[in-house]
Amino acid sequence: MSETIDLGIEGMTCAACVTRVEKVLSRVPGVEQAQVNLATNRARVTVAPGVAVAALTAAVARAGYGAAPVRADAPPPPPEGVPWHLVAAALLTLPLVAPMLLSPFGWGHAAMLPGWAQLLLALPVQVWIGGRFYVASWKAVRGGSFTMDVLVALGTSAAFLLSAVQLAAFWPHEPHALYFEASATVITLVLLGRWLEHRARGRTVAAITALAALRPERARVLRDGQEIDLPVEQVAVGDVVVVRPGERLPVDGIVQDGAGSVDESLLTGESLPVARHPGDRVTGGAINGEALLRVRTTAIGAETVLARMVRLVEDAQAGKPPIQRLADRVSAVFVPVVVAIALATFLGWWLAGAPVAGAVINAVAVLVIACPCAMGLATPTAIMVGTGLAARRGILIKDAEALERAHAVTVVAFDKTGTLTEGKPRVTDVHPADGQTREVVLRMAAALQAGSEHPLARAVMQAAEGMAVPAATAMRALPGRGVEGEVEGRRLILGSRRLLDEAGAAPGALEPAAEALAGQGRTLAWLATAEGAVLGLIGFGDAVKPGAAAAVARLRAMGIRTVLISGDNRHAAATAAAALGIDDVQAEVLPADKSARVAALRGDGEVVAMVGDGVNDAPALAAADVGFAMGTGTDVAMHAAGVTLMRGDPMLVADAIDLSRRTWRTLWQGLFWAMAYNVLGIPIAAAGLLDPMVAGGAMAFSSVSVVLNALALKRWRPRA
């Protein structure tokens, strides 16, 4: 069984760094997959059992970076204040650029420092503060990779050394041109850009930070009739936790005593508190309202809904959609190509008769403007903001590929029960056959359904409450059709019309009642003996969710076709589809056939999203391009789906697709601007039309603008 190790990575500055770290981690024996995220400075490594963390951190260290294990649900560190080295660089650089800043006012010449003073100011910036670039460059080159640090080190060193040589050659006279201010300014701007990126990236992890902060550190546990205050890690499954009004629930559990409202807004996106009574499930992290609740613990630690939510968001942000993998491959070869272009620029200008100083400065401008940092940030920042925003709305996206694929969805296929309907059917009609009574039919049906978690089974048990229900033996589930078992010496079956036909039973006098109930959209269950004698007919009604029709209408407005794939009879499915405005109905579909129906839709060239909540929906959810599981459904469905809807509201499907489209648009905008800076900037720099200082500012601005563009996603709101 594979396991996952999360590492915090230090020293990454660009997409080339990401590629390098992923490569060295993948080479460690036993590593199955390594995903590195520049935006969070995290690596998620999937390894075979027995792989030591020390082997992973050592491999990263050999590549020139730092690594240390971190908890999967631990939020990234908050943005730091202005670092001292940035302040020092700015103070030393300001006198060097003062002549340029004051020249529009006619004071530029007066502010010009002598060459030796410029050297004294630029030297600590280049060697002391900028030494980090040399160290990182040496480690990267030694490890066989070329990163942004290489470009910065080459460019600034060339400008600094050229100026120093010229100062020495013309001594004691002043040379015509010195470029100390260019080298110092580029280093200062790169450091400023990185700090601004770090600050902006810190805002993208707000969702994880908010989720991780929801769980209380301590819990009040009832033991031997006494309330004991314990760290939440010491609470065990089965413990009764006392939650006072206004407190957060420390664990997942079932209300044992007390009734009141619970605010789950940060977990589900539901704006209004929800009522909770004895027997209802509650989730750790939610806020208790006005009542004292006693909750029996059902999940603790990593198994709680809150911990799984944090893990899902982390997984989505650590993963890479195909477009990011393409950007990483481009970035990996980008730096060597830029170095070659810079060398060609120098040779071209020098051979054309330009002074060596001018040729070097033009080559330096090429090196500085070409840093691929923005390219490496474009995708992860957009993915982080999109998944974080989705989590705040009650939409948990399991992986980045699901977010990418969702934008292209053309067909949404819905299951009916529990997805478009409340999933809480009730028995509306009982028609006994001749010689039987209503009580006998319900008692026999309840005997066959005892212990089942199926919604129809719960409805039967509720209808038979207070009756003496006999025990059933030799039970056997018949997937998609019903159940059979032995009750009071008779072999009985309970299920669909298909099961009735397989048993060779005829509805007889109950046929008109069945047609009438089907016309009303009722779900039908037939009770018969294995020999083919019909004993009765049970009709079930399930209310449509309040927002289901509006959700379908919104999907249609977005240009998406809707399909209902249900195991219900044709009349019931058609009635529900007509009430909701669904385009196509596929009824009486066995669970094993649902995935085939989804595959058929994909075979027609459609990009299919499947929405379901039950165990029988899991294969179809996995077969779809994007699976949406209702958070009110089963764990199996949620594991099979790429997206989990915490509220079980169909409108969240439209919200998720809309957010995916916005995220995808933002992602491409970021990549476009990142590439535009390079594609436009490199030729301009090579042509000698771009000063290295301006190039440094443009490079830093490109990274910041890409991150700010991603943060603009936070303005997204669900459409009515």
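## A pair of strands

In what sense do β14 and strand β26 pair, and over how many bridges? They run antiparallel to each other, with three bridges between them. Keep in mind that this is a predicted model. On the β26 side of the pair, look for residues 643-645.

Zoom out and you'll see an open sheet of seven strands, ordered β14-β26-β25-β24-β15-β22-β23, with mixed pairing. β14 (395-397) and β23 (584-586) are the edge strands, so-called here for pairing on one side only. Going from one strand to the next, the twist averages 20 degrees. As a bit of background, strands of a sheet pair through backbone hydrogen bonds, in either a parallel or an antiparallel way.

## A helix with a kink

Now hop over to helix α4, which covers residues 115-129. Its 15 residues reach 20 Å from the first C-alpha to the last, close to the expected 21 Å. There's a kink of about 30 degrees at A122, shortly before the proline P124. A122 is also one of the buried residues in α4, and others include L121, V125 and I129.

## Two helices side by side

Helix α12 (residues 356-369) and helix α24 (residues 651-686) have axes that come within 8 Å and cross at roughly 175 degrees. Because that angle is over 145 degrees, α12 counts as roughly antiparallel to α24.

Who touches whom? From α12, N362, A365, V366 and I369 meet Y677, N678, G681, I682, A685 and A686 of α24.

Note on methods: Residues numbered from 1 in each chain as written. Predicted model: local features only at pLDDT ≥ 70, side-chain atom pairs only at ≥ 80, totals over all residues. Heavy atoms only, no water. Helix = DSSP H or I, 4+ residues; strand = E, 2+ residues; numbered from the N terminus. Expected span 1.5 Å × (residues − 1). Bend = angle between axes of the 7 residues up to and from the residue. Buried < 20%, exposed > 50% of the residue type's maximum accessible area, 1.4 Å probe, protein only. Pairing = 2+ DSSP bridges. Axes fitted to C-alpha atoms, helices over the stretch in contact; angles between N-to-C directions. Parallel < 35°, antiparallel > 145°, perpendicular 65-115°, else oblique. Contact = heavy atoms within 4.5 Å.
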